[in-house]
Amino acid sequence: MTTIAFIGVGRIGQNIAFNTITQGFVDEAIFYDIVPEVPQKFEHEVRHALASRRIRTEVLGTNNIDDVAGADIVVISAGRPRKAGMSRRDLFVDNAKVMVDLASKLPKKNHGALYIMVTNPVDEMASVFAKYSKEYVISTGDQVETMRMRSYIAQRLKVPVYKVNGFVAGEHGEDAVVLWSTVTVNGQPFSESLGITKSEIETYVKNIAGDIIRVLGGTTWGPGTIISDIIRAYALNENKVMSIATPREYKGEIIHVSIPVVVGNPIGPTLENVIDEKDRASLMAAMEDYYNVYIKNLKSLEEALQQQK
């Protein structure tokens, strides 16, 4: 039996849930949201789709967090979404307060669950939830950037996307780092002689999400599909290499920075030892920057929590 709880079923939460459930490997799904009627009406939508696909999955939509119980996987996308002109980091305090609240409630009835963070800034939210819940949390990290990179290289070079490999690591967003020592096209190491520069690729990976948000109001279909693949890899023990952020201790804090890792059940090992020294240096620089920003943001969060008392 696989039970998955989806916390927050707004635009991206619905997409992730739908993409996951319609693959047919989920026995039970719970949709939780604080907005009245939204999870219940989404439940009906999903039931209609499951009837058409002839998939047998029990679904429940609820505004009562006590109904979120017995989950093997808890996917968290609750909180404010990123809007045009905002960075992911702009969302920190508001969404971190949501994570602190959820961290005090979800573990009580979901013993041993894997928590998968989607809410932005996703790596920092994973670290906050882990800090306040003491549970095992992963961030969906740079798997989305990894697929954006592969798709862009394939499009520009007019090759099938499955002929492009490689990973993006570091922090999801501003400090994403292309691990060039892992990037291949048609089985050969990437070279700018193919007709595209590293700078062009890095710019696309870092900027395309903002462009999509400006025009469409949010990124949905790409992340929804990619994140459902992360869920599937863990649930079905597929042992796929993905660039997600698992918890690590850094200067006394648990932080989340993406590195290619084998995603199955259990998760690991990472491929950190196979990247070259230049990529490792870039990754460590991104980690240090993440840590400094995270510690600063934690202080802001603690001040905000004190003001609530």
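Where is Pro121 found? In this predicted model, Pro121 sits in the loop between strand 5 (114–117) and helix 4. The peptide bond that joins Asn120 and Pro121 is cis, with omega at about -5 degrees. A cis peptide bond also joins Asn265 and Pro266, where omega is about 15 degrees. Pro266 belongs to the loop between strand 13 (259–263) and helix 8.

Helix 4 covers residues 122–133 and includes Ser127. Ser127 counts as buried because its relative accessibility is 0%, and buried means under 20%. Leaving out residues up to four places away in sequence, Ser127 touches Ile254, Ile255, His256, Tyr290 and Tyr294.

Tyr294 also takes part in the contact between helix 3 and helix 8. Helix 3 spans residues 92–105 and helix 8 spans residues 277–308; their axes come within 10 Å and cross at roughly 65 degrees. Angles of 65 to 115 degrees count as roughly perpendicular, and helix 3 and helix 8 are therefore described as roughly perpendicular to each other. The crossing is right-handed. From helix 3, the residues that meet helix 8 are Phe92, Val93, Ala96, Lys97 and Val100. On the side of helix 8, the contact is made by Tyr294, Asn297, Leu298, Ser300, Leu301, Ala304, Leu305 and Gln308. Sorted by class, this contact has 9 nonpolar, 3 polar and 1 charged residues.

In soluble globular proteins, nonpolar side chains tend to be buried together. The largest nonpolar core here has 45 residues, and the members that touch the most others are Ile7, Ile76, Leu106 and Phe129. Helix 8 gives the most to this core, with 9 residues. Leu106 has contacts with Ile7, Ile65, Val68, Val74, Ile76, Tyr115 and Phe129, again not counting residues up to four places away in sequence. Another core, of 31 residues, lies apart from it; Ile4, Leu50, Ile227 and Val261 are among its members.

Helix 1, made of residues 11–21, has buried residues at Gly13, Asn15, Ile16, Ala17, Thr20 and Ile21.

Phi of Asn237 is near 55 degrees, a positive value in a residue other than glycine. Asn239 lies in the loop between helix 7 and strand 10 as well, and its phi is also positive, near 55 degrees. Asn237 counts as partly exposed because its relative accessibility is 38%. Asn239, with a relative accessible area of 44%, is partly exposed too.

Asn165 is part of strand 7 (residues 164–170). At 37% relative accessibility, Asn165 counts as partly exposed. Beyond its neighbours within four places in sequence, Asn165 is in contact with Arg150, Thr182, Val183 and Thr184. Pro189 is 24 residues from Asn165 along the chain, and their C-alpha atoms are separated by 9.4 Å.

Is Glu171 buried or exposed? Glu171 lies in the loop between strand 7 and strand 8 (176–185), and its relative accessible area of 2% is why Glu171 counts as buried. Glu171 and Glu58 are 113 residues apart in sequence, and their C-alpha atoms are 35 Å apart in space.

Key:
Residues are numbered from 1 along each chain as its sequence is written. This is a predicted model: local features need pLDDT of at least 70, side-chain atom pairs count only at pLDDT 80 or more; totals for chains, interfaces and linings use all residues. Side-chain values use heavy atoms; hydrogens and water are left out. Axes are lines fitted to C-alpha atoms, for helices over the stretch in contact, and angles run from 0 to 180 degrees between N-to-C directions. Helices (H or I, at least four residues) and strands (E, at least two) are DSSP runs, numbered from the N terminus. Angles under 35 degrees count as roughly parallel, over 145 as roughly antiparallel, 65 to 115 as roughly perpendicular and the rest as oblique. A crossing is left-handed if the near helix is turned anticlockwise from the far one by less than a right angle, and right-handed if clockwise. Contact means heavy atoms within 4.5 Å. Ala, Val, Leu, Ile, Met, Phe, Trp, Tyr, Cys and Pro count as nonpolar, Asp, Glu, Lys and Arg as charged, and the others, Gly among them, as polar. Buried means under 20% relative accessible area, exposed over 50%, partly exposed in between (1.4 Å probe, protein chains only). A nonpolar core is a set of buried Ala, Val, Leu, Ile, Met, Phe, Trp, Tyr and Cys residues joined through side-chain atoms within 4.5 Å.
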